[in-house]
Amino acid sequence: IRRIKSMNAFDIIASSPSFDLSGLFEERGEQLRFVSSAPVNTIISKLEEIAGQVSFTARTKDCQVSFEATRNGHKGALAISTKIFQLTPELVMVQVCKKAGDTAEYRQFCGSELKPGLRGLVDGLPEDGLPPTLNVWWITDVSWH
């Protein structure tokens, strides 16, 4: 049985980019978030499948999936962490963070592999394709298209 961390109102407010104080204590990394009503096991399975498609190694513990590239990029191997948080009994938030590696490679992975691979699991995202402005559907701390 997977243990999923619930988020209270303080956690949700604190996760807002406007109220994020983590930059005072640690280096800010690239990250994005999305909301889904899909079952946690389905999300985790899909994340593991995406990792396998691009030859990343994936490690899963509870409601966290970590990816690591099997080859080094410009700034070492790309490492990505995904965490799933319970918002309501029917809704979860998935947070995707770059832990190491090149930012351009991370953005490429998110844009060409992660976002298309998760189509259908992101609430409000049409099944037939990505909307023209991703930041409408993806809660993100970084403005990039």
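How many salt bridges does the count come to in this structure? In the predicted model examined here, the count comes to one salt bridge. The two partners are Glu49 and Lys46, whose side chains meet with a distance of 3.3 Å from N to O. Both residues belong to helix α2 and stand three residues apart there, which means that about one helical turn separates them.

The protein chain as a whole contains three helices and seven strands. Along the sequence these elements follow the pattern β-α-β-α-β-β-β-β-α-β. The chain has 145 residues, of which 41% count as buried.

Helix α3 covers residues 103–117 and so has 15 residues by the DSSP assignment. From its first C-alpha to its last, helix α3 reaches 20 Å, close to the 21 Å expected at 1.5 Å a residue. Helix α3 bends by about 40 degrees at Cys110. At the start of the helix, a side-chain oxygen of Asp102 comes to within 3.3 Å of the backbone nitrogen of Ala104. The buried residues of α3 are Glu105, Tyr106, Phe109, Cys110, Leu114, Lys115 and Gly117. For Cys110, the residue at the bend, the relative accessibility is 0%.

Cysteines were examined next. A disulfide is a covalent bond between the sulfur atoms of two cysteines. The structure holds zero disulfides. For Cys110, the closest cysteine sulfur is that of Cys97, at 10.0 Å, which is too far for a bond because the two sulfur atoms of a disulfide must lie within 2.5 Å. Cys97 is located in strand β6, residues 91–100, and is buried, with a relative accessible area of 12%. Another cysteine, Cys63, is likewise buried, at 8%. Cys97 also provides an example of residues that are separated in sequence: Cys97 and Leu32 are 65 residues apart along the chain, while their C-alpha atoms are 6.7 Å apart in space.

Aromatic side chains were then considered. A pair of aromatic rings is described by the distance of the centres and the angle of the planes. The search of the whole structure finds two aromatic pairs. In one of them, the rings of Phe56 and Phe109 have centres 5.2 Å apart and planes at 15 degrees; planes under 30 degrees apart count as stacked, so this pair is stacked. Phe56 lies in strand β3 and Phe109 in helix α3, so the pair ties together parts that are 53 residues apart in sequence. Both members are buried, Phe56 with a relative accessible area of 14% and Phe109 at 5% relative accessibility. Ring pairs also bring in Phe67, and Phe56, Phe67 and Phe109 are linked into a cluster.

A polar contact was found between two side chains, those of Ser81 and Gln64, at 3.4 Å. Ser81 is placed in strand β5, residues 76–88. This serine is buried, with a relative accessible area of 4%.

Backbone angles draw attention to two loop residues. Ser55 has a positive phi of about 60 degrees although it is not a glycine. The loop that holds Ser55 runs between α2, residues 40–53, and β3, residues 56–61. Ser55 is partly exposed, with a relative accessible area of 47%. Asp62 likewise has a positive phi, near 50 degrees, and is a residue other than glycine. Asp62 is found in the loop between β3 and β4, the latter spanning residues 64–73. At 26% relative accessibility, Asp62 counts as partly exposed.

Key
Residues are numbered from 1 along each chain as its sequence is written. This is a predicted model: local features need pLDDT of at least 70, side-chain atom pairs count only at pLDDT 80 or more; totals for chains, interfaces and linings use all residues. Side-chain values use heavy atoms; hydrogens and water are left out. Helices (H or I, at least four residues) and strands (E, at least two) are DSSP runs, numbered from the N terminus. The expected span of a helix is 1.5 Å times one less than its number of residues. The bend at a residue is the angle between axes fitted to the seven residues ending there and the seven starting there. Buried means under 20% relative accessible area, exposed over 50%, partly exposed in between (1.4 Å probe, protein chains only). A polar contact is a pair of N or O atoms within 3.5 Å; within protein, one must be able to donate a hydrogen and the other to accept it, and residues adjacent in sequence count only if both atoms are side-chain atoms. A salt bridge is a side-chain nitrogen of Lys or Arg within 4 Å of a carboxyl oxygen of Asp or Glu. Rings of Phe, Tyr and Trp (its six-membered ring) pair if their centres lie within 6.5 Å; planes under 30 degrees apart count as stacked, over 60 as edge-to-face and the rest as tilted.
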